[in-house]
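Open your viewer and get your selection tool ready. We'll go from stop to stop, and at each one you'll pick something and see what is around it.

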Amino acid sequence: MSRTALRICPLCEATCGLTLTIDGTRVTAARGDRHDVFSRGFICPKGASFGALDADPDRLRAPLVREGGELREATWEEAFDAVAAGIRPVVERYGPHTVGVVLGNPTVHTVAGALYPPVLVGALGTRNLFTASTVDQMPKHVSSGLLYGDALAIPVPDLDRTDHLLLIGANPLESNGSLCTAPDFPGRLKALKARGGTLTVIDPRRTRTARLADRHVQIRPGTDALLLAAMAYVLFEEDLADPGELTPHVQGLGELRCAVRDFTPSAVAGACDVDADTIRALARELAAAPTAAVYGRIGSCTVAHGTLASWLVDVLNVLTGNLDRPGGALFPQAATDKTPRPAGPGRGFALGRWHSRVSRHPEAKGELPLAALAEEIDTATGDGEPIRALIAVAANPVLSAPDGDRLDKALDSLDFMVSVDPYLNETSRHAHVVLPPPPPAQSPHHDFAFNTLAVHNQVRYTRPAIPLEPGRMAETEILARLTLAATGMHGADPSAVDALVIDQTLGKAVRAEHSPAYGRDPRDLAARLTGADGPERRLDMMLRLGPYGDGFGVQPDGLTLEKLLAHPHGIDLGPLEPRLPQPLKTRSGKVELLPQPIADDLPRLHAALDQRPAGLVLVGRRHLRSSNSWLHNVPALTGGSNRCTLHLHPEDAERLGVRDGAAVRVKGAGGEVTTTAEVTDAVRRGVVSMPHGWGHDRPGTGLTHAAQDPGVNVNQLLDGSLLDPLSGNAVLNGVPVEVAPAHPSETARVTEKLTPLT
């Protein structure tokens, strides 16, 4: 007998509602939930393949423990005993900073990944935290921290009401959106055009998004900040800069004008390979639009001036009066946000509170660059001890970080490693203990992170669609037990972790004058919490204390977990609204347009005015049926156009003697790979493009389908030395590479691998 169940999709940032068809304990189909308050029935190929991912036979079903050099299946008790025996001696002998923690992208897609890693890192006391943020969006966090005093205060474009949208380094028709949670991003862009709005795309590739644009500017990779600075210059020079109602909340306009005075359109045109008239037109169109929003993403973040580019995106929104107004870029208000504090000066945002041991990279948002992980393990010289033990949660840095070969070797030298991962992949194969979470259908879902980036305020929660399979352990319990085992409390009831967090949170809430819980008894409040388990009680607490909450009875119509459960398709909380100055936490209580770290980095941008690449430069690319390294084992999501090939322009191919479909060697500072050439005019001259997340050809993994067409690891072309200095983000785009035809034998080998896919 089949039945249906609702589930929010965890496979990208769009967070679409799904209706699953379930036969017994197996998901047999997935379609869009037409009644979902946010996604309204939209679904993409990833969501449609939910059942195939959920039932992947390569998913680990039991913990693995290394014994005699080999991984064997073990009981959960054996696994956590091994974790405690492996990590605690390292901490006790060498100190907490010799334990590193790596958090992968999927952690922000699960309830467990949102609730427990902060507790784990805090309890360990280590400064060696590495996440996917520093190979992705850390520049945006840093620029937001400097502008607004809060690294998590990221304004998003008001897609449904804007008249003019300028995208730079973003391809949402493939990515489904990033740092901008918007189900059916393609439909929203088409609706923008249908109501007479304008879409401008700045990208070196003619992406699917660019093909939809009214204006596509094929900029030279890595020069985004120069172009945006020149647009700011034009706004000042032509008296188009008008923050309007923002003016009382902004400081530094005069200083900003002086800071961009050398970035004239004619000065940047050569470096950007965009003519001065086009740059002026971009600025004028932005200023003339009734409402407008500038939105930059990974292509403008993962470059040498990523933080400056991210800063300038928001600067342009401020200068045109489009920050914090409908149709512009606004700050979402998630249901689980902390109780809004009164407007006023805050503590501000600090960079470099500590540094990495070897290369002295500054900390940003509590994290060190993922590109530095290998040297922090394998290099003895430096201030203090190297990392000797590693905890990896849903992370595959062998493929996602630069120079995976070096990291591969470094992981083998660790005293101990534990990996929380459903697969034996390129990274988890090094672990001494692997703790596999259950398939997503057996887990609850709430989007803690992505609701803070949503283009419409709403709240949704789905309980597990399928009961936990015998022998499985909930991911929330896995991470709670891991926290206890790693911090000297092995054997304690895992519910103690949730109880501790609830006690601490309510203890702070009753002391905060702006909180609805102010002056009340925290024990009484804790007794009022509902939920089937600790994670649900924590969610109930966050909802009640949040901006829409019932305040434990203060607002009887406010949100609670019980109310949310009564609305299985979610609750619509309304469109985004202006919120300034409340979100600001800068020391001045204003938007600080020219923070000192930004000003100090501008001379480096000025030097880039005279820089030109001597040869080819590399950029990445996304595919709608892919997500980093973790969906290549699902047959329905690979093949066709989702292949690991090198895109290059026909003129470059002719000059290099490269034929379409032939094997090519690509060489960078970190190494060399051989892949297949795909000649296309969708990429501009002088630029080549490869997708990331591939390279599934290492021994000892358990990814059967991915290994059949492994592709190559594009990050192996990088040596990890190129970082954006303010954020520590790896430079993945605009890097120089050499391309040459491969030996004929390599062409035959590559062609043979591709035959099943053609």
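Which residues in H3 meet residues in H19? Keep that in mind as you click, and remember that this is a predicted model.

**Stop 1: two helices**

Select residues 76-94 for helix H3 and residues 475-486 for helix H19. On the H3 side, highlight Trp 76, Phe 80, Val 83, Ala 84, Ile 87 and Arg 88; they meet Ile 478, Arg 481, Leu 482, Ala 485 and Ala 486 in H19. Sorted by class, this contact has 9 nonpolar residues, 2 charged ones and no polar ones.

Now turn the view to see how the helices lie. Two packed helices are described by the angle between their axes and the distance between the axes. Here the axes of H3 and H19 come within 8 Å and cross at roughly 35°. The crossing of H3 past H19 is right-handed.

**Stop 2: Arg 357**

Next, select Arg 357, in the loop between strand E14 (329-330) and helix H16 (373-378). Is Arg 357 buried or exposed? Its relative accessibility is 7%, so Arg 357 counts as buried.

Show the side chain and look for backbone oxygens. The side chain of Arg 357 reaches the one of Thr 381 at 3.0 Å, and the one of Glu 385 at 3.2 Å. If you skip neighbours within four places in sequence, the contacts of Arg 357 include Glu 375, Glu 376, Asp 383 and Pro 386.

**Stop 3: Leu 722**

Jump to Leu 722, which sits in the loop between helix H26 (704-708) and strand E26 (735-741). Leu 722 counts as partly exposed because its relative accessibility is 45%. Leaving out neighbours within four places in sequence, Leu 722 is in contact with Asn 729, Ala 730, Val 731 and Val 735.

**Stop 4: the cysteines**

How many disulfides does the structure hold? The count is 0. A disulfide is a covalent bond between the sulfur atoms of two cysteines.

Select Cys 16 to see one case. The closest cysteine sulfur belongs to Cys 12, and because it is 6.1 Å away, it is too far for a bond. Cys 16 counts as buried, at 7% relative accessibility.

Finish with Cys 301. The closest cysteine sulfur to the one in Cys 301 is in Cys 180, 13 Å away, so that pair is too far apart for a bond as well. At 1% relative accessibility, Cys 301 counts as buried.

Note on methods: Residues numbered from 1 in each chain as written. Predicted model: local features only at pLDDT ≥ 70, side-chain atom pairs only at ≥ 80, totals over all residues. Heavy atoms only, no water. Helix = DSSP H or I, 4+ residues; strand = E, 2+ residues; numbered from the N terminus. Buried < 20%, exposed > 50% of the residue type's maximum accessible area, 1.4 Å probe, protein only. Polar contact = N/O pair within 3.5 Å; in protein donor to acceptor, adjacent residues only side chain to side chain. Contact = heavy atoms within 4.5 Å. Axes fitted to C-alpha atoms, helices over the stretch in contact; angles between N-to-C directions. Left-handed = near helix turned anticlockwise from the far one by under 90°. Nonpolar A, V, L, I, M, F, W, Y, C, P; charged D, E, K, R; others polar. Disulfide = S-S within 2.5 Å.
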